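User: I'm new to reading protein models. Could you walk me through this one, a feature at a time?

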Amino acid sequence: MSISAPRYTSGPLPRLGRDSRVMAIASREFHHRAQWTVLVPVTLTFMTVVLTTVVNVFFTSLVGTVTSATFTAAVSSPAWPYLMLIVTATVGAGTLADDVGSRAITLYLSRPVRLLDYLVAKTVGCGGWLLIAALGPGVLAVGITAALGYATATVALEAAGGFLVVGLLAAVFFAGLAIALSSLTNRALYAGVTIFGLVLTLDIGASIVAGISGNSQVGYADPVANVLAVAHQAFSVSGTSSLDPGVSAAILLLSGVAMWIFAGWKLRRVEVIAE
Amino acid sequence: MTAVIEASDVTKRYGEVLGLNGFTASFEPGITGLIGPNGAGKSTFFRLVEGQLKLDSGQLSVLGNPTWGEGAFRRRIGYCPESSAMFDWMTGEEFVIALLRLDGFPKAEARERAFRAISTVDLVSSRERRLGTYSKGMRQRLKLAQSIAHDPDLILLDEPLNGVDPLGRATLSALLRDLQSQGRHIIVSSHVLYEVERLTDQIVMIANGRALAQGDLHRIRDLIDAHPHVIDLDTPDPRALARTLGTLDHVVSIEFPGPNQLRVRTRSPDAFYQALPDLVLQEHADVRGLRSLDDNLDAVFRYLSEGGR
């Protein structure tokens, strides 16, 4: 170990702004999550949505007219929300929990980084993967079918719009869910299991309660049902969901934002956990 | 002389738990040791100084600035946390660069600074290894590197000597003195007095969230010496040894905690340790063991916190 301290040039130093510092954290988070545990479910999501959509559009084009509703095959089945759920659990569970558990959060906050900046950056890093999983496959499927001539430009654009709406809403909801549950523990595994368990419980529980009570409005408590209701509307598939797509969209959006705000509130109290 | 940190009646609560309880102290320029047992409030104080925590009451001024909410001000502070808070998936170099980027340094500048700081702590050959493979001593050195890489005015080192081998301690001390000679102010926390007394004569003692004593190390030593020092002796004939030791004027009290044990309280440990071998030889006493209970500073802290100051 040497015994001389480094000498730095004196005078004003070039420092980048707040947005650059936020992006430095976000970029670090995004790259850190690029592990097989994330890449496998993301790839599965791509394969499922792209294959289902392209095959469905192809066969429809042989026997009839392709419309935007033709593209709904992949995202209007429960498989897609559940694949998104797996991506959420693997990407988002450790977003805050890892830093709180290792106390590395004290290193972030010892820098000129505000708590809000930290939370935004972490959300961007985690949300980036969710957006890729939510939007990427649909847009790619639309591109492939349009390029192969199975769908007209107008239909392709309508379908892309549908994927955009559903994907964005799902990404907001799942990002808020991941951040909120990750803020509750210092172990990523616990957060991941809770993310999966909570949505599964709401999905199955709401179906059972709706079946017993005969009240379909209970479905609004089910995130999967809300995603499907929005998907049906976005792709102009009518009469397949008992939920109002507008209300479902509002629930997904507002609950996602509310869970994110909750995480911010919880993070303010992280000093107690970290001490 | 203007104080680097001025704390006046600073209180910080964690719910029902008091982190700092009316902490009042003044940290002068140069190196200062913050000495206190585990749980005394040292880390809480550091996190208040760098603005990570908001104080509940009192006043805290660091380099002439209030701390809370002053994000940009943190650029002037380097913080080396006690915990091995790191990102194990990163290499040592990536770790320092990542934190420099949070200070707002462009990539090229961050890379250059990281290399210099890593060179300073002699980790160049390990800089491309993942942190998960670093030893505790290497982690301490890398944490130190990240705390000085952005050229801060004030460096807070929370238990930096934990896990560092003797050679590392000596060179770390030299490095800190070098930083001091460059005009940096350094606060080193520790729960072991002798670790810090090699670095500086300026000491602040903290226990139960309060500053118990502050100032020159020799003044603190005087306070400690005024506190009766407890020594346990193992002997098959404690009463005979007690009669001999009772003749020493600095021995305050003698107890018999066990059948073969003697507990002596002395106001002058140096004189006691000097006189003991001669007494043992003269009286043919059979002393089989000797323990200074006050080697652990906890006893001194308890004494001071119970009104000894």
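User: What is the average pLDDT of chain B, and where is confidence lowest and highest?

Analyst: pLDDT is the predictor's confidence in each residue, from 0 to 100. Chain B averages 83, with 88% of the residues scoring at least 70. Confidence in chain B is lowest in helix H10 (residues 298-308), at a mean of 60, and highest in helix H3 (residues 107-120), at 93. Helices here are DSSP runs (H or I, at least four residues), numbered from the N terminus. Where pLDDT is low, the predicted coordinates should not be read in detail. For the complex, the predictor gives an ipTM of 0.74 and a pTM of 0.75.

User: How do I read burial, say for helix H4 of chain A?

Analyst: Count neighbours: a residue is buried if 20 or more other C-beta atoms lie within 10 Å of its own, exposed if 12 or fewer, and partly exposed in between, with C-beta atoms placed from the backbone. In H4(A) (residues 94-102), seven of the nine residues are buried, including Leu96(A), Ala97(A) and Val100(A). After H4(A) comes Arg103(A), with a positive phi near 65°.

User: And where does Val218(A) sit?

Analyst: Val218(A) is in the loop between helix H8 (188-213) and helix H9 (223-234) of chain A. Val218(A) has 19 other C-beta atoms within 10 Å, so it is partly exposed. Leaving out residues up to four places away in sequence, Val218(A) touches Ala206(A), Val209(A), Ala210(A) and Ser213(A); contact means C-beta atoms, placed from the backbone, within 7 Å.

User: At what angle do H6(A) and H10(A) pack?

Analyst: Axes are lines fitted to C-alpha atoms, for helices over the stretch in contact, and angles run from 0 to 180 degrees between N-to-C directions. H6 (residues 115-147) and H10 (residues 245-268) of chain A pack at about 135°, with axes 10 Å apart. That makes H6(A) oblique to H10(A) (under 35 degrees is roughly parallel, over 145 roughly antiparallel, 65 to 115 roughly perpendicular, the rest oblique). Among the residues that meet are Leu115(A) and Leu119(A) in H6(A), and Trp260(A) and Leu267(A) in H10(A).

Conventions: Residues are numbered from 1 along each chain as its sequence is written. Chains are lettered from A and ligands numbered from 1 in the order in which they are written. This is a predicted model: local features need pLDDT of at least 70, side-chain atom pairs count only at pLDDT 80 or more; totals for chains, interfaces and linings use all residues. Helices (H or I, at least four residues) and strands (E, at least two) are DSSP runs, numbered from the N terminus. Two residues are in contact if their C-beta atoms, placed from the backbone, lie within 7 Å.
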